[in-house]
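Trainee: I'd like to learn how to read a model like this one. Could you walk me through it?

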Amino acid sequence: MVESYGLVDDPDKAGHYVGYLNSAFYCGRILTASYWGYLTDRYGRRASLLGSLILVLISTLVFGIAPTFSVALISRFVMGLSCLLYTSDAADDLLCVDLGGRRIIKKK
């Protein structure tokens with residue numbers, strides 16, 4: 001991906017720019033980790049997870065079709081901003097029912 005932007009001639013030197021992309025994600029995560037916790041407490045796990053999922057979906061699509069490295073970098077940062085930490089407890093509340101040690105998928 002980094003090579004397609006024309007930033008490096010040698011594929012062995014692309015790791016530097018890939019590191020920027022990965023770092024952008026975690027910089028976004030650091031800034032909003034406690035904010036997502038607040039939203040989860042205020043509006044519930046389901047609303048927070050679904051909102052986060054939609055934002056991550058959009059930013060992932062933008063990242064996939066990013067025409068320049070700058071757009072890719074910004075979309076990774078936004079992905080980090082919108083990425084709620086998906087824990088098994090939160091996912092269980094949305095997807096599963098606990099039946100005495102067994103879990104089954106909820107049906108609506």
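**Reading the model**

Mentor: Start with confidence: pLDDT is the predictor's confidence in each residue, from 0 to 100. Here the protein has a mean pLDDT of 78, and 78% of its residues reach 70 or more. This is a predicted model, where local features need pLDDT of at least 70, side-chain atom pairs count only at pLDDT 80 or more, and totals for chains, interfaces and linings use all residues. Residues are numbered from 1 along each chain as its sequence is written, and side-chain values use heavy atoms, with hydrogens and water left out.

Trainee: Which elements of the protein have the lowest and the highest mean pLDDT?

Mentor: Helices (H or I, at least four residues) and strands (E, at least two) are DSSP runs, numbered from the N terminus. The protein has four helices and two strands, in the order α-α-α-α-β-β from the N terminus on. Strand β1 (residues 96-99) has the lowest mean pLDDT, 51, while helix α3 (residues 69-81) has the highest, 91.

Trainee: How many of the 108 residues count as buried, in percent?

Mentor: Buried means under 20% relative accessible area, exposed over 50%, and partly exposed in between (1.4 Å probe, protein chains only). Of the 108 residues, 30% count as buried.

Trainee: Is Arg-29 buried or exposed?

Mentor: Arg-29 lies in helix α1 and counts as buried because its relative accessibility is 16%. Its C-alpha atom is separated by 6.8 Å from that of Cys-83, 54 residues apart along the chain. Leu-39 is found in helix α1 too, and is buried at 15% relative accessible area. The C-alpha atoms of Leu-39 and Leu-49, ten residues apart along the chain, are 9.9 Å from each other.

Trainee: Which residues form the nonpolar patch on the surface?

Mentor: Like charges are joined within 9 Å, nonpolar side chains (Val, Leu, Ile, Met, Phe, Trp, Tyr) within 5 Å. Accessible areas come from the Shrake-Rupley method with a 1.4 Å probe; for residues, only the protein chains shown count as cover. Here it's Ile-54, Ile-58, Val-62 and Val-71, with about 310 Å² of accessible area together. Helix α2 (residues 45-64) gives the most, three residues. Ile-58, found in helix α2, is partly exposed, at 48% relative accessible area.

How values were computed: Patches are made of residues with over 30% relative accessible area and no salt bridge: like charges are joined within 9 Å, nonpolar side chains (Val, Leu, Ile, Met, Phe, Trp, Tyr) within 5 Å. A salt bridge is a side-chain nitrogen of Lys or Arg within 4 Å of a carboxyl oxygen of Asp or Glu.
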